[in-house]
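Have the structure open as you read.

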There are 2 protein chains.
Amino acid sequence: MRISELARRSGVPVATIKFYLREGILPAGEARGATQADYDDGHLNRLRLIRSLAELAGLPIAQIKTVLGLIDHPDADLFTTLGKAISALPPYVEAIGDEHPRARAAIEHLGWTYDETFPATWQLERALAAVEEAGIPLTDERLDAYGAALHPMAEYDVAGAPGGAIDADAPATDRGATGRSATARSAAVRYAVLGTALYEPVVVALRRLAHQDVAARRLGA
Amino acid sequence: MRISELARRSGVPVATIKFYLREGILPAGEARGATQADYDDGHLNRLRLIRSLAELAGLPIAQIKTVLGLIDHPDADLFTTLGKAISALPPYVEAIGDEHPRARAAIEHLGWTYDETFPATWQLERALAAVEEAGIPLTDERLDAYGAALHPMAEYDVAGAPGGAIDADAPATDRGATGRSATARSAAVRYAVLGTALYEPVVVALRRLAHQDVAARRLGA
């Protein structure tokens with residue numbers, strides 16, 4: 001298809017498509033003469049992914065490049081690749097020094113994997129500093145309640161990764177560095193990135209609606 | 001205390017305190033001569049609340065006024081007051097017309113209270129439109145998994161409202177419009193506003209860390 005058709009079918013304006021071509025995140029079409037090029041469904045799918053990352057998830061171009069690079073060439077170590085991909089998502093928070101005492105205490109209390117290089121650890125540290133400053137610090141009891149709710153949700157999310165890429169039941173050799181195809185790893189990275197970025201607003205809205213539902217029941221509204 | 005002492009103890013610069021005084025969201029101190037005023041712990045607490053709303057939760061001045069007005073003069077109908085207060089929090093999304101078909105279907109599927117005037121309903125509609133557009137629409141199965149996790153969390157949050165203000169076990173007459181003191185209603189609004197605005201980043205960060213923990217276990221990292 002021509003670029004005009006690609007624009008129509010993707011919903012992305014021609015000027016924006018040309019920008020993505022110049023940035024090298026959308027591969028060039030097949031040349032048809034000096035000024036025209038032909039695009040296929042591969043281009044359309046890539047363009048839809050870029051659009052989701054740019055417009056729906058709000059990633060800057062540099063982070064889109066990082067994510068696409070990890071999808072196109074996932075490292076054999078899927079866990080590390082996933083970590084890098086999720087780290088490219090907003091919000092972009094800085095580490096507060098080397099220490100994240102509040103986040104460390106919370107994560108260790110829950111018995112989860114603590115990783116100080118993971119931006120979500122810094123996010124949690126900042127969020128916990130904020131509730132402390134506002135006079136409503138996180139109690140162990142609340143942390144337990146939240147952890148008990150969120151861990152099964154995360155189990156559900158991870159189990160849904162395409163092609164069983166993150167499969168707890170696979171034999172240990174298949175779960176290892178070399179036992180998973182690059183295609184399966186690419187699909188898992190795509191799923192994790194879009195799922196994390198675009199489902200957080202769903203979760204936050206649902207949580208507010210759950211509060212409203214509970215309050216309505218309790219207050220007899 | 002003098003304004004300099006108030007600034008030091010609250011961490012809010014004098015110029016910002018003067019701005020809040022001009023905006024009428026911080027009550028004037030007691031006059032001590034032509035150019036000086038005296039402030040007390042009431043001012044300090046109010047200033048800390050304004051700071052939490054402005055700097056930590058990111059509310060614009062107009063929305064801070066709305067929230068403070070609801071805390072100072074909560075309507076006898078606590079459910080409506082809470083709804084107005086939560087509606088003053090970011091993100092500020094517009095209703096998409098009168099219909100919210102995706103949000104309505106999801107909320108009714110869960111059997112929760114559907115209220116089309118509640119901004120979280122519009123937030124959910126937009127979030128569901130985005131995941132649909134990205135090719136990862138919300139399935140009923142995922143909705144059930146999320147609802148089952150989030151509703152108990154919301155139960156925990158609401159049960160923790162100060163003074164049993166949102167108390168399911170109170171006699172029906174006490175739960176009614178006139179059975180709850182204005183002080184208890186004020187405290188419940190403050191708790192709901194700060195808890196909603198400042199605990200969402202905690203929940204989002206914990207969810208990412210739960211994903212990481214599950215992936216680490218499954219991938220043997």
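**The interface at a glance**

Between them, chain B and chain A bury about 8000 Å², 67% of it on carbon and sulfur atoms (buried area is the accessible area, 1.4 Å probe, that two parts lose on being put together, summed over both). B:Tyr199, B:Arg208 and B:Arg218 supply 11% of what chain B buries against chain A, more than any other three residues. Keep in mind that this is a predicted model: local features need pLDDT of at least 70, side-chain atom pairs count only at pLDDT 80 or more, and totals for chains, interfaces and linings use all residues. Residues are numbered from 1 along each chain as its sequence is written, chains are lettered from A and ligands numbered from 1 in the order written, and side-chain values use heavy atoms, leaving out hydrogens and water.

**Who touches whom**
- Chain B puts 80 residues into the contact, and chain A puts in 80 residues (contact: heavy atoms within 4.5 Å).
- The rule finds 10 salt bridges across this interface (a Lys or Arg side-chain nitrogen within 4 Å of an Asp or Glu carboxyl oxygen).
- One of the salt bridges pairs B:Arg218 with A:Glu155, at 3.9 Å, N to O.

**Helix H5 of chain A**
- H5(A), residues 78-87, has 7 of its 10 residues buried, so the rest of the structure largely encloses it (buried: under 20% relative accessible area, 1.4 Å probe, protein chains only; helices: DSSP runs of H or I, at least four residues, numbered from the N terminus).
- Among those buried are A:Leu78, A:Phe79 and A:Ile86.
- Their cover includes H4 and H10 of chain A, along with H10 of chain B.

Methods:
Buried means under 20% relative accessible area, exposed over 50%, partly exposed in between (1.4 Å probe, protein chains only). Helices (H or I, at least four residues) and strands (E, at least two) are DSSP runs, numbered from the N terminus.
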